Amino acid sequence: MSKQTQTARKTVKDIAAAKGATPLVCLTAYDAPTAALLDAHADLLLVGDSVGMVVHGLASTVGVTMEMMILHGQAVMRGSKQAFVVVDMPFGSYETNADQAFLNAARIMKETGCQAVKIESGAYAAHQIAHLVERGVPVMGHVGLRPQAINVDGGFRAKGRTLDERSRVMAEAKAAEEAGAFAIVIEGVAEDLAAEITAAVSCPTIGIGASNACDGQILVTPDMLGLFDWTPKFVRRYADLNTAISQAVAAYAADVRARSFPAKAETYSLRKPEA
Ligand code: KIV
């Protein structure tokens with residue numbers, strides 16, 4: 001292997017070293033051209049199972065398959081050069097037991113070339129996390145609001161608002177850390193709980209809807225680019241792609257109907273015969 005191919009990407013050590021330092025910049029990515037644009041700015045790209053909702057139009061992440069994660073993981077690896085790339089393990093691919101988790105995590109890593117996987121880690125998943133880490137698979141945990149559990153929770157609901165729930169989320173984070181997770185996503189919890197978890201675990205926490213108290217932030221990229229007409233409260237829209245795309249497509253449709261596209265400059269003509 002050439003030296004060049006070994007050196008470029010951030011490693012799990014770079015991510016772990018960000019604990020308490022400059023906040024980690026993390027974004028979701030699903031395709032090669034977008035990954036190429038994000039790569040210059042992001043420390044970590046997550047091929048999230050949110051792909052099911054924001055790319056494939058599913059109502060939740062529950063229907064996402066291994067094949068979908070692998071296909072999008074391959075595209076993101078092709079598009080990016082320096083970011084640390086994590087691929088989500090989809091619902092049903094790791095919960096049964098540690099062997100199932102390892103076989104599927106190994107398949108994701110072999111077929112995509114990604115550097116780590118993410119598991120939505122209820123306390124039960126600590127066993128799976130330890131099993132994977134011992135066998136060479138870096139794991140990112142995910143606590144608080146766990147989108148794969150919406151059918152138990154009755155919808156996408158912020159977590160940690162009762163004392164019981166607070167100690168459950170804290171226990172899940174501690175269990176993920178003790179099992180060897182190199183980082184933990186905290187989703188949809190109040191600021192004080194995010195701060196407590198961040199102080200209690202030795203690995204970086206990455207917040208989404210979990211305040212500024214975390215060691216890094218992640219957003220679903222199409223949300224922060226304003227692709228949809230609705231975004232959750234915790235998302236800041238850095239662009240308005242919804243309007244930009246609608247206006248561009250309306251202009252194209254008008255030009256086609258008026259026969260003003262394509263113009264002469266956009267049209268091939270016969271080559272002049274050679275003299
Ligand atoms: O699937 C996803 O995009 C995620 C982020 C919300 C962290 O898990």
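Colleague: Which residue forms a salt bridge with Arg166, and how far apart are the closest N and O atoms?

Modeller: This is a predicted model, in which local features need pLDDT of at least 70 and side-chain atom pairs count only at pLDDT 80 or more, while totals for chains, interfaces and linings use all residues. Residues are numbered from 1 along each chain as its sequence is written, and side-chain values use heavy atoms, with hydrogens and water left out. Taking a salt bridge as a side-chain nitrogen of Lys or Arg within 4 Å of a carboxyl oxygen of Asp or Glu, the partner of Arg166 is Glu196, and the closest N and O atoms are 3.0 Å apart.

Colleague: Which helices does the pair of Arg166 and Glu196 link?

Modeller: The two residues are 30 residues apart and belong to distant parts of the chain. With helices taken as DSSP runs (H or I, at least four residues) numbered from the N terminus, Arg166 lies in helix H9 and Glu196 in helix H10 (residues 191-200).

Colleague: How are H7 and H9 oriented to each other, parallel or antiparallel?

Modeller: Helix H7 (residues 126-134) and helix H9 (residues 163-179) pack with their axes 8 Å apart and at an angle of about 20 degrees; the axes are lines fitted to C-alpha atoms over the stretch in contact, and angles run from 0 to 180 degrees between N-to-C directions. Angles under 35 degrees count as roughly parallel, over 145 as roughly antiparallel, 65 to 115 as roughly perpendicular and the rest as oblique. H7 and H9 are therefore roughly parallel.

Colleague: Which residue forms a salt bridge with Glu134?

Modeller: Glu134 is exposed, with a relative accessible area of 64%. The closest N and O atoms of its salt bridge are 3.4 Å apart, and the partner is Arg135.

Colleague: What is the relative accessible area of Arg237, which meets Asp240 in a salt bridge?

Modeller: The side chains of Asp240 and Arg237 meet at 3.6 Å, N to O. Asp240 is partly exposed at 37%, and Arg237 is also partly exposed, with a relative accessible area of 33%.

Colleague: How many salt bridges does a search of the whole structure find?

Modeller: Glu67, Arg107 and Glu111 are linked in a network of salt bridges. For the whole structure, the search finds a total of 13.

Conventions:
Buried means under 20% relative accessible area, exposed over 50%, partly exposed in between (1.4 Å probe, protein chains only).
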